[in-house]
Amino acid sequence: MIASTLISLPAHADSRANRPGERQWTHQMSGEFARFGAVATDPANRTVYVYGIRQPHDSAESESFVRAIHRRTGKTLWTTPAPQIYADVELMVDGTRGHITLSGGYDSPAAVTVLDRQGNLVWQSTGAVGRTLAAVDPTSGQTCTVSQDRGSGTTWTTACWSTEGVALFSDRYESGAGPGSGSRPLDIEIDSATGAVVVLGQHRFGDQNGIGLNRMVISAHSPHGDLLWRTDSYAGPRAQGVDLEINPHNGRIYAFGQVRRSSLFLHGLRADSGQLLFRRTWSAGRKGRLSLAQHLVSLPGSGNLVATGLHGRTLQIVTVNAAGRRVRVARTTVQGDAPLVTQDPRRRVLLAFSPDQRSLVVESYSMRAHRLWRWSTKLRKSSTVMAMGPAALDPRTGRYVVATEQRGRGILHAFEG
């Protein structure tokens with residue numbers, strides 16, 4: 001894989017932007033089709049990494065790439081070709097070694113691609129796999145994935161590689177789901193305290209409507225592949241697990257998701273044994289459909305967790321203690337009905353959305369649902385927002401990077417946090 005440069009529109013930098021909520025720069029990419037599928041920041045240098053895909057105006061073939069962007073100016077540092085991934089794109093940066101890990105699924109022969117800080121290929125794993133989720137251990141550099149076996153709706157495989165790309169282990173899981181049912185992996189995390197590889201998956205048992213994801217399976221492997229434990233628990237009718245969190249300080253694992261359309265659930269387990277410690281469920285408030293843009297994070301030092309989600313146009317921020325009991329529930333009404341939600345170590349929530357496809361809004365909220373700042377702009381008709389993309393946080397500067405797709409252009413926006 002040889003680094004190359006793709007044509008992009010020039011970045012725009014505003015050196016005066018230094019207050020929270022001010023836009024620092026934009027970085028644009030154009031084509032018949034152009035979008036950014038993933039954004040990540042390197043905590044050790046001044047770089048933002050993006051995975052993008054575009055179809056040039058003079059070609060019927062699309063191009064996909066990883067690009068490095070200067071985090072203070074928005075200028076391109078390098079661009080290198082990458083496998084095409086159309087869904088479940090993940091881009092991670094190991095701040096210790098500077099490795100950039102790309103994973104995903106669908107129409108991609110590469111389960112994992114690892115680059116160095118200059119865009120050179122370090123190693124790549126290929127195989128006939130479907131959607132692939134990945135995690136990187138920042139201590140050892142070990143990369144682990146869980147992949148839905150292609151052509152199978154009941155099996156997935158957990159695998160790990162060393163920082164040099166040496167295969168360490170591979171373990172295949174068969175759910176045993178019957179006819180009309182299926183299973184899929186949903187998340188993979190590495191316990192920074194023990195190196196254990198933890199995978200969250202779900203069993204789907206078909207109902208009269210053909211849906212009904214209602215059992216979660218969580219397993220843990222040692223860094224060398226030994227199965228430490230596996231547990232299967234009932235989450236509720238039509239439950240959808242969407243996030244897995246490991247707290248290395250108290251040795252607990254948390255699974256967070258939604259039940260039906262109006263309730264949330266939180267399960268707590270012991271990280272060393274998988275023993276279920278508690279199962280909590282609470283209403284999201286008024287009737288309506290929950291958004292799948294939900295996140296769970298641990299708050300350093302306190303042992304508390306914060307779960308955020310969207311219920312129609314209501315932003316809900318729930319703080320719970322280590323036992324899963326609610327400490328505080330904060331709500332506020334937001335303008336958009338399909339925003340992106342992300343959280344950061346400063347205990348803030350970021351929303352980015354387009355309320356009418358003719359404008360772009362970015363807002364930041366405290367854990368008590370108080371709005372900290374708001375940025376908005378009206379777009380020209382030719383720049384109609386087609387979709388909101390991913391977002392990332394620079395932990396050193398507190399700056400956010402938000403991606404949008406605007407009628408043939410992929411645009412990155414950098415904001416002061």
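The model is predicted: local features need pLDDT of at least 70 and side-chain atom pairs count only at pLDDT 80 or more, while totals for chains, interfaces and linings use all residues. Residues are numbered from 1 along each chain as its sequence is written, and side-chain values use heavy atoms, with hydrogens and water left out.

Serine 359 lies in strand E29 (residues 359–366); strands (E, at least two residues) and helices (H or I, at least four) are DSSP runs numbered from the N terminus. Display aspartate 356 next, whose side chain makes a polar contact of 2.8 Å with the side chain of serine 359. A polar contact is a pair of N or O atoms within 3.5 Å; within protein, one must be able to donate a hydrogen and the other to accept it, and residues adjacent in sequence count only if both atoms are side-chain atoms. Leaving aside residues up to four places away in sequence, serine 359 touches Phe353, Ser354, Thr377, Lys378, Leu379 and Val385, a contact being heavy atoms within 4.5 Å.

Now select strand E5 (residues 63–70), of whose eight residues six are buried. Strand E4 (residues 47–55) runs antiparallel to E5, joined by eight bridges; two strands pair if DSSP finds at least two bridges between them. Within this pairing, tyrosine 51 stands opposite valine 66 in E5. Strand E6 (residues 76–81) also pairs with E5 in the antiparallel sense, over five bridges, and here alanine 68 faces tryptophan 78 in E6. The hairpin of E5 and E6 has five residues between the strands, and glycine 74 takes a positive phi near 80° there.

Move on to the open sheet of four strands, ordered E23-E24-E25-E26 with antiparallel pairing. Strand E23 (295–298) and strand E26 (326–333) are at the edges with a single partner strand each, so one side of each has no neighbour in the sheet. From E23, follow the four bridges to strand E24 (residues 305–311), where valine 297 stands opposite valine 306.

Finally, show the whole protein chain. Its secondary structure comprises zero helices and 33 strands, and 57% of its 417 residues count as buried.

Note on methods
Buried means under 20% relative accessible area, exposed over 50%, partly exposed in between (1.4 Å probe, protein chains only).
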